[in-house]
Structure formats: C-alpha cells, structure tokens
Amino acid sequence: MVNLEAVNCEKVWREISNYLEGDVDAALRAAMDEHFHTCKRCASVLEGTRNVIQLYSDERMIEVPSGFGRRLERRLAQNARLSSRRWSTWSAWLVPVAALALITGGLRLANSLTSSHPMKSEHAQQAHDIPPDMLVVVSADAKVFHAPGCDFIHNKDKVRTLTAKEAIQQGYIPCLRCMRKYLETTARRPTILGSEARAGADEDEDEDPGHGER
Amino acid sequence: MAEPNAVLNKPEQQPTREQELIARVQRGESELFYELVQPYERRVYAAALAILRNETDAEDVAQEAVLKAFANIRQFRAEARFSTWLIQITVNEALMRRRRERTVTMEAIDERREEESDYAPRDFADWREIPSEALERKEVRQKLAQALASLDRKYREVFVLRDMEQLNIQETAEALGISIASVKTRLLRARLMLRDLLAGGWEQGWFSRLPFEKGTKPW
C-alpha cells in the first residue's frame, strides 16, 4: 500500500509517464490521483504531458516531402520490373536447357528400348561376392538363380542345381532376397566373379516376387 | 469488464482488407504491395527521419525499408501487426545507415549521466486542452516539429516510436536494441522536455490565435 503522504511532487514527476501509460499499480494510481486534486503544479504537468502525447500522435504531425508517395510507388514498380526481368533472363535460359534435357532423355529412352539390354532399375545390382562354387538352383524358363529352399523359387518341381559361376555364365542373375547378404557388399568390394549381373533382375524379383519367374 | 464468453461467442471475423492484401502479395501479386504500405508510408518516413535527421537520407532509407519488407513479405506472420513489422524494418535500416556513417560517437558519451538524474518540470502555468484543430495551422505544426528536433537523439527516437508511431514499450525497446527500463526513462524525459519547450513557446505567441482564455497557457 502506498502512503499517500509519501507521494510528493518529485515522485509524481518520475511516475507521470508510467501513469499515462497505465503502467502503475492501483495503489500508486490512487495516491497520484489524490495528489493531482490537491497540487495545481502537478495537475499542470499532467495535462501538459497529456497534450504533448495527443498532439504528436496526430497523423498531421508527420510531414513528408512533396512527391514522396509517388517516388516510393515508382521505386516499387521499378523493383518489380527488375525482378521480372531477372526471372525472364533465367527463364530464357531455362527453356533451351529444359528442351535439351528432354531431347537427351528421349534419345536415351529410345536407345534403351532398342538395346538388347533391358533397362536397369535403381535396385539392379551386380553379382559381386557370391562364392563361385556355391550351389544354386534355377527353374525352367526363369532368369534368376536362388539359394536352395528360397521362398521365391517358381516352379519348384522343375528346378535344377548348378554352381553360381555356371549360373552367371548362363545368363542367370542372383535373387535379391536370398542372395542379399552377398549383394550388399557390392558397393565396397571388387567383383569376384568378374561378371556383371544382367540388368533387369530386380524388375522380376524386387518389385513383384510373385511374378519374378515365368 | 468483458463478458466471460465474449471470445467464445465472437463470430468468425472476416479478413480485413489489409489481411487480404498481405495474403495476395504473399501469393505473388506484387503489384498490390504499394496499396498495402501506402497507409503507413508517412510513418515509415517519420521513423527514418527521427533516426537520421536528414530528409534525403530518410527518404532513401524509407524506400529501402519498403523494398526490404516486400522482399521478406513471405516471412511476415499474421500474429504481428503489419505496421509494427514495417516500422521495425525501417528503424533497423536507419540504424544501420547511421552506423555506417558513424555520426553519433559523441552523442553516446553523456548518455549515462543524463539518464541518472531526474528531470524536473520548469513551467507550472494553468493549463487547458489544445484542440486538435490547432494542427491545421502550419505554424503550429512547425513549432511542434522544431521542439521535437531539438531533443537529443535518444529521447527523440523513443518518443517518435512510442508516441508518433504507436509502437508499444517493448516493441520500441526491441526496435532500438535498448532495455525496457531505458525506454521508460527516456520517454518520461522526452515528454516532460517537450511539454516545457512548448509551454515556453506560448510566451512567444505560437498559439496566440487559438481560443485560449486570457491569462492561461495550453498547459
């Protein structure tokens, strides 16, 4: 609780700005209100300060140089034109670059369609690290070789057994499931078998194992 | 006192024209940006002038600030007031310009001493309210502008941002990079000094054609 008698003129002057901001507690506000009733000098300071705030907060107090708004608008318009010119310069480059990319892509697609090698998917892997004399099985009319017992062997009643080296030499590629432990190291190690797995294996095996072998 | 359920019962508000303009400019309709800033262009200029005290520099910085606001409009978030955001960008630009020009070294030296002592009003004449019509007179506006220009930089900046630009105390502190306590101290002194400066002007007849009672001052 503020002692009313303790609110002298000096205290009022120190707090008068906070008072006008509504930034004094209720007790101090009551004490200052009481003081303003009895002290003409402080009442004059209060009303004068209030006048200052009201006058200067009026928009008319802000004078701008003649033509300020017009020049600002023009500068913004120039900036917008520059931005669009920069974009059009970029887009002028982008059109031929995009066209070139399309043509190149089209040519590569055409080559791949006419080539004897099927397209490689991102999952296609080389038959690195597979022990050459490891026994594997292949089924009739399939192009993938498996470890015996692999769940992805089709036509299990028509399988034959051979070595991994023989399977690869005959054009078979490793099953991505049962041979995974050998294939995962391919990025780090050199080829053992020296034979690149035929691309397209994953298209049969990875994406749709149910139809991997026909 | 507000109704307890006033917020809950408040109907969903339509976006204001300003909110609509902000959203459209953010989506790429850059030609609408001037319409968005136009209501505040005077305040942008005044903020720059308060810091730079040079009309040419103030206009240049005001333009730069508006361009910067345009370049960063996608970063503006609806929880802030657009005018405050714009003024803060302007203040920042103006402060950077002033730092580059290194014109304030001497002013900073006596800052601490001035803020330590209390300011005592000098004029205690009778008062009455000045009608806002007084501002229609160019002479009155000029006298008010001169009084403001005569303040030290640190008082003028705080007064302009708080009382003319309507930033709150915290926003003023953030814009100028000073403490809230410093804003309050400087604001008090700025207001009291302006009051004294303008009360003194009464003796010189600034408001002589205003309808004040004989023997009284505007404050």
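In chain A, among the contacts with a separation of 6 or more, 73% join residues 24 or more positions apart, where two residues are in contact if their C-beta atoms, placed from the backbone, lie within 7 Å. What you see above is a predicted model, in which local features need pLDDT of at least 70 and side-chain atom pairs count only at pLDDT 80 or more, while totals for chains, interfaces and linings use all residues. Residues are numbered from 1 along each chain as its sequence is written, and chains are lettered from A and ligands numbered from 1 in the order in which they are written.

Let me stay with chain A for a moment. It has seven helices and four strands, these being DSSP runs numbered from the N terminus (H or I, at least four residues, for helices; E, at least two, for strands), and from the N terminus on they run α-α-α-α-β-β-β-α-β-α-α. Of the 214 residues in chain A, 23% are buried, a word that requires 20 or more other C-beta atoms within 10 Å of a residue's own, with C-beta atoms placed from the backbone.

Now to the interface, where 33 residues of chain A are in contact with 43 residues of chain B. On the chain A side, the elements that give two or more residues are α1 (9-21), α3 (40-56) and α4 (68-114), and α3(A) gives the most, with 11 residues.

The buried residues of α6(B) include Leu86(B), Ile87(B), Thr90(B) and Val91(B), and what covers the buried residues includes α3 (33-37), α4 (41-52) and α5 (55-71) of chain B.

How do α4(B) and α6(B) cross? Their axes come within 9 Å and cross at roughly 30°, the axes being lines fitted to C-alpha atoms over the stretch in contact, with angles running from 0 to 180 degrees between N-to-C directions. That makes α4(B) roughly parallel to α6(B), since angles under 35 degrees count as roughly parallel. In this contact, residues of α4(B) including Val44(B), Ala47(B) and Ile51(B) meet residues of α6(B), among them Leu86(B), Ile87(B) and Thr90(B).

Technical notes:
Buried ≥ 20, exposed ≤ 12 C-beta atoms within 10 Å, placed from the backbone. Parallel < 35°, antiparallel > 145°, perpendicular 65-115°, else oblique.
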